[in-house]
Amino acid sequence: MSGRMSGRMNGWTSGRTSRRLLAVLVAAVLAVVGTVAVALLQTGEGRRTGEAADVLEPPAPPEVAAQQLSSVEPGKQVALRRGEQRMTLEMDTDYTPSAPSGVGTDDYRCFLLDPELEEDVWLTGSQVLPGNPDVVHHVILFKVDADQVAAAEELDAKTVDPGWTCFGGSGLEGDFSRLTDANWLAAWAPGGDERATRDGYGTRLEAGSRVVMQVHYNLLKGATPDRSATQLRWMPGDTDLQSLHTYLMPAPVELPCREARSEGPLCDREAAMVDLRQRFGGAALTADALHLLCGELEEPSETTTCTRRVGQEMTVLGVAGHMHLLGREISVVANQGTPRERTLLDVDLWDFDDQGSQPVEPLTLEPGDTLTVTCRHEQWLRDKLPAFEGQQEKYVLWGEGSTDEMCLGTLSVAYAAGAPTSRF
């Protein structure tokens with residue numbers, strides 16, 4: 001089988017703003033969030049070294065050089081369980097990566113793969129088989145529902161080369177718009193072993209569905225061809241398994257310029273929003289809509305948070321975080337500030353290249369329980385990362401570009417009812 005591939009606004013939603021209106025507003029805005037701009041990790045001498053105070057800050061996470069990747073041992077396979085099989089989906093042709101803008105050392109490319117499913121199956125694990133370990137930095141897999149295949153094929157057909165440019169997502173609806181049932185399947189990094197779901201669980205993949213394989217290519221060792229593949233573990237659709245879903249927890253971002261550099265033209269929030277709209281159109285509205293979703297004021301801060309109440313019984317089985325290049329810390333906590341508080345994720349030194357999901361001891365949440373995602377972003381990282389070479393400091397909002405930011409927790413959950421009863 002192959003294919004080508006902050007202040008809390010406690011009463012915000014009562015009175016003047018109904019829950020129904022809130023859902024409509026958030027749905028309309030989040031539906032347009034998809035593909036984000038490619039990270040340009042530029043190199044060169046003479047880049048600014050930052051302020052003297054910056055040397056007191058902890059060092060930024062190191063970049064992973066491409067020459068290191070080829071020396072990483074391939075991941076190990078996990079023994080198949082009773083009733084499990086493997087299918088391999090491979091890119092049809094070689095792809096030679098290149099920085100989309102002509103500069104930089106990174107390329108994010110999405111490839112559409114066809115498992116040729118005539119019947120529904122359960123996905124129960126995954127592994128990535130990099131064709132060229134010198135350039136394949138990490139991979140994320142996304143589910144493409146049958147009704148989205150035409151849109152994916154349209155993206156794929158826009159360029160002569162296989163696949164399409166993507167950053168942070170697949171570019172299809174569902175990356176961020178279905179908060180209780182997103183389309184993320186798995187993440188992989190070099191050396192990572194094959195991953196299998198917990199016994200008794202799987203992700204449903206319906207007949208006619210496709211898979212998007214997003215590959216991050218690192219070009220530090222040169223742009224050489226690649227033809228990678230993913231190997232999926234699966235069971236027949238009539239197997240008695242409990243369905244896994246991806247639950248998204250976004251928070252708004254309101255990162256101001258540093259005081260010593262606050263006179264720049266984009267250090268004003270309104271100017272930054274205009275810039276965001278010019279680059280991404282209607283998707284820029286997400287920066288404001290997340291305040292409605294989370295009930296948070298538009299207050300500039302390095303730290304952002306969002307607390308949501310669970311709407312139906314679910315069990316959390318895994319957790320991951322997502323930020324961009326200015327991210328420093330991210331945490332996800334259940335029932336924060338109560339005797340039943342439990343930390344599910346706590347990353348105090350964010351590494352953009354390590355975003356895989358981590359299994360957790362199963363935690364069952366009831367309606368009314370809370371989940372809180374908290375992120376800290378740092379402007380001083382601009383002075384350490386070559387991606388920001390030559391760029392002026394700006395007020396940073398939620399956006400698709402690598403010089404914009406996100407704050408997102410992702411949970412792997414199983415619903416007691418089998419499926420979510422709402423999108424939010």
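At 0% relative accessibility, Tyr217 is classed as buried in this predicted model. Tyr217 belongs to a single aromatic cluster, whose other members are Tyr95 and Phe111. These two partners are also shielded. Phe111 is buried, with a relative accessible area of 0%. Phe111 and Tyr217 make an edge-to-face aromatic pair, with 6.5 Å between centres and 85° between the planes. This pair links distant parts of the chain. Phe111 sits in strand S2 and Tyr217 in strand S9 (residues 210-218), 106 residues apart. Tyr95 is likewise buried, at a relative accessible area of 3%.

The search of the whole structure returned four aromatic pairs. One of them joins Tyr95 to Phe111, again edge-to-face, at 5.5 Å centre to centre and 70° between the planes. Tyr95 lies in the loop between strand S1 (85-90) and strand S2 (106-113), while Phe111 is in strand S2, so this pair ties together parts 16 residues apart in sequence. A further ring interaction involves a charged side chain. Arg204 lies over the face of Trp122, at 4.7 Å from the ring centre.

Strands S2 and S9 also belong to an open sheet. Five strands form this sheet, in the order S5-S2-S9-S4-S6, and their pairing is antiparallel. Its edges are strand S5 (164-165) and strand S6 (184-188), each of which pairs on one side only. S2 and S5 run antiparallel and are joined by two bridges. Arg109 has Thr165, in S5, as its bridge partner. In general, strands of a sheet pair through backbone hydrogen bonds, either parallel or antiparallel.

At the level of the whole chain, the secondary structure comprises five helices and 21 strands. The protein chain has 424 residues, of which 53% are buried. Its accessible surface comes to about 18,200 Å². Carbon and sulfur atoms account for 50% of that surface.

The largest nonpolar core holds 68 residues. Within this core, Leu344, Leu371, Val373 and Leu411 touch the most other members. Leu411 was followed in detail. Leaving aside neighbours within four places in sequence, Leu411 is in contact with His245, Thr246, Tyr247 and Met249, among others. The contacts of Leu411 also include Val316, Gly318, Val319 and Val332. Leu344 and Leu371 are on the list as well, and both are among the residues of the core that touch the most other members. Another core, of 23 residues, lies apart from the largest one. Its members include Phe111, Leu117, Leu205 and Met213.

Leu293 is placed in helix H5 (residues 286-294). Leu293 is buried, with a relative accessible area of 15%; the cut-off for this class is under 20%. In sequence, Leu293 and Thr307 are 14 residues apart. In space, their C-alpha atoms are 9.4 Å apart.

Conventions: Residues are numbered from 1 along each chain as its sequence is written. This is a predicted model: local features need pLDDT of at least 70, side-chain atom pairs count only at pLDDT 80 or more; totals for chains, interfaces and linings use all residues. Side-chain values use heavy atoms; hydrogens and water are left out. Rings of Phe, Tyr and Trp (its six-membered ring) pair if their centres lie within 6.5 Å; planes under 30 degrees apart count as stacked, over 60 as edge-to-face and the rest as tilted. Helices (H or I, at least four residues) and strands (E, at least two) are DSSP runs, numbered from the N terminus. Buried means under 20% relative accessible area, exposed over 50%, partly exposed in between (1.4 Å probe, protein chains only). A charge sits over a ring if NZ of Lys or CZ of Arg is within 6 Å of the ring centre and within 35 degrees of the ring normal. Two strands pair if DSSP finds at least two bridges between them. Accessible areas come from the Shrake-Rupley method with a 1.4 Å probe; for residues, only the protein chains shown count as cover. A nonpolar core is a set of buried Ala, Val, Leu, Ile, Met, Phe, Trp, Tyr and Cys residues joined through side-chain atoms within 4.5 Å. Contact means heavy atoms within 4.5 Å.
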